[in-house]
Amino acid sequence: MYIVWLLLFQSLIAFILVTTNVNGLEWTQYHNLDEIYEWSNELEDRFSPFVTVYTMGYSYEKRPIKAIKISSRSGNQAIFIESSIHAIEWISSAVSTCFFNNLLNSNDTNLQDLLLHYDWFLVPVMNPDGFVYTHEVNRWWRKNRKPTGVSNATGPCYGTDLNRNFNYEWSKSGYQINDPCDHWYHGAAPDTEPEILALQNFINGFPDNYIRLYLALHSYGNFVLLPYGHTIEIFPPNYDQMMRIAQGFAEAALVRYNTTFKYGASGLLNYSGYVSGDAKDWAYGMKNIPFAATIELRDSGHYGFLLPADQIIEVCNEFTDGMVGLIKAAEKETILIPKI
């Protein structure tokens with residue numbers, strides 16, 4: 001029965017690929033929010049019923065925060081990816097959308113197996129207001145765009161660093177977290193930002209143990225950062241297991257372009273020092289998702305946040321390779337158990 005179902009599924013996907021066409025993203029340039037959202041809506045039209053696009057909620061400036069789900073059948077475990085929580089990190093949404101495109105369009109049996117055996121979620125732009133601002137006003141913007149209610153010599157101050165606003169060890173440590181005008185401002189309290197609440201409410205709507213991997217895509221540095229971010233005195237109970245899974249990503253991502261990813265607790269490796277209240281620690285510490293990581297994509301600092309668009313395809317390829325290695329390692333550790 002499984003073989004018959006698999007053949008029918010693959011035949012239907014092949015039929016969809018031949019008879020439909022998605023306009024939009026090419027991954028040879030960086031795209032704006034409208035283009036990414038148009039692409040996601042066309043995915044749903046093209047691949048229905050396998051692809052569903054949700055509006056998780058709305059940003060401060062009332063832009064939708066969209067999530068894409070790929071599911072080939074009921075009973076699968078889920079893998080959750082979010083990107084562009086920091087508006088400046090354009091490569092993260094470029095790579096996450098490219099990876100989803102690979103999942104849906106590849107003839108590679110490894111990717112076809114991932115498409116069949118797991119449900120996939122992607123939030124391509126977690127911070128739509130900041131993302132639009134980087135395209136239209138200030139390329140270096142990081143935070144969301146909600147006013148902080150404080151002014152300095154330059155005028156009113158805007159924005160909270162969304163990846164420091166989650167209610168898990170919030171405000172325990174980090175650089176300049178209390179200054180409402182600072183680049184890394186963590187908010188007046190945890191869970192104050194509508195973008196964060198939208199993500200949490202969306203994830204809270206799923207059964208426990210459904211989402212088994214949570215991956216936050218960022219740049220830059222070539223890291224797989226594991227919990228915890230706020231300390232180097234405490235490590236997760238299954239830290240050794242997570243290290244083996246992160247190693248699976250790093251070893252697979254190395255092969256094609258010789259790109260080296262370091263892996264370990266973010267408190268040990270992160271360029272910006274300690275991070276409190278970030279997404280991966282919330283996913284691990286509050287939602288009990290057994291593998292949660294921040295993946296810092298290229299590069300090591302030469303271009304930094306301004307990575308040229310002609311590297312998008314290479315970064316997507318090495319991330320895709322890394323994901324295949326990560327999932328194989330997670331299956332070996334039985335964090336993921338594919339439905340047969």
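Predicted model: local features only at pLDDT ≥ 70, side-chain atom pairs only at ≥ 80, totals over all residues.
Where is Lys62 found? Lys62 is in the loop between β1 and β2, the latter spanning residues 64–70. With a relative accessible area of 64%, Lys62 is exposed. Its phi is positive, about 70°, although Lys62 is not a glycine.

Next, select Ser84, in the loop between β3 and α3. Ser84 also has a positive phi, near 55°, and is not a glycine either. Is Ser84 buried or exposed? Ser84 has a relative accessible area of 0%, so Ser84 counts as buried. Most residues other than glycine have a negative phi, and most peptide bonds are trans.

**Two cis bonds**

Select Ser48 and Pro49. The peptide bond from Ser48 to Pro49 is cis, and its omega is near 10°. Pro49 belongs to the loop between α2 (33–47) and β1 (51–58).

Then go to Arg298 and Asp299, which are joined by a cis peptide bond with omega of about 0°. Asp299 is placed in the loop between β10 and α10.

**Aromatic pairs**

A search of the whole structure gives 22 aromatic pairs. Select Phe80 and Phe202 to see one of them: the ring centres are 6.4 Å apart and the planes are at 55°, so this pair is tilted. Phe80 is in strand β3 (residues 77–83) and Phe202 is in helix α6 (residues 194–204), so the pair links parts of the chain 122 residues apart. Phe80 is buried at 0% relative accessibility, and Phe202 is buried at 13%.

Now select Phe235 and Tyr239. Their ring centres are 5.0 Å apart with the planes at 55°, so this pair is tilted. Phe235 is partly exposed at 33% relative accessibility, whereas Tyr239 is buried at 12%.

Which residues do ring pairs link into a cluster with Phe80? Select Tyr54, Phe121, Phe202, Phe206, Tyr210 and Tyr214 along with Phe80 to show the cluster.

**Helix α7**

Select residues 239–257, which form helix α7. Helix α7 has 19 residues and reaches 28 Å from its first C-alpha to its last, close to the 27 Å expected at 1.5 Å a residue. Colour the buried residues of α7, among them Tyr239, Met242, Ile245, Phe249 and Ala253. Which elements do the buried residues of α7 pack against? They pack against β8 (223–226), β9 (262–265), α8 (266–269), α9 (279–285), β10 (291–297) and α10 (312–332). Just after α7, select Asn258, which takes a positive phi of about 65°.

**The cavity**

How many cavities of 30 Å³ or more are there? The count comes to one. The largest cavity has a volume of about 60 Å³. To find it, select its lining: Leu25, Trp27, Gln29, Tyr30, His31, Ile36, Trp90, Ser93, Ala94, Thr97 and Ile312. Helix α3 (residues 90–105) gives the most to this lining, with four residues.

Trp90, one of the lining residues, is the last stop.

Terms used
Residues numbered from 1 in each chain as written. Heavy atoms only, no water. Phe/Tyr/Trp six-rings, centres within 6.5 Å; stacked < 30°, edge-to-face > 60°. Helix = DSSP H or I, 4+ residues; strand = E, 2+ residues; numbered from the N terminus. Buried < 20%, exposed > 50% of the residue type's maximum accessible area, 1.4 Å probe, protein only. Expected span 1.5 Å × (residues − 1). Contact = heavy atoms within 4.5 Å. 1 Å grid on protein atoms, 1.4 Å probe; cavity = no way out; pocket = protein on both sides within 12 Å on 5 of 7 lines; lining within 4 Å. Points joined across faces, edges and corners; volume = space filled by probe spheres on them.
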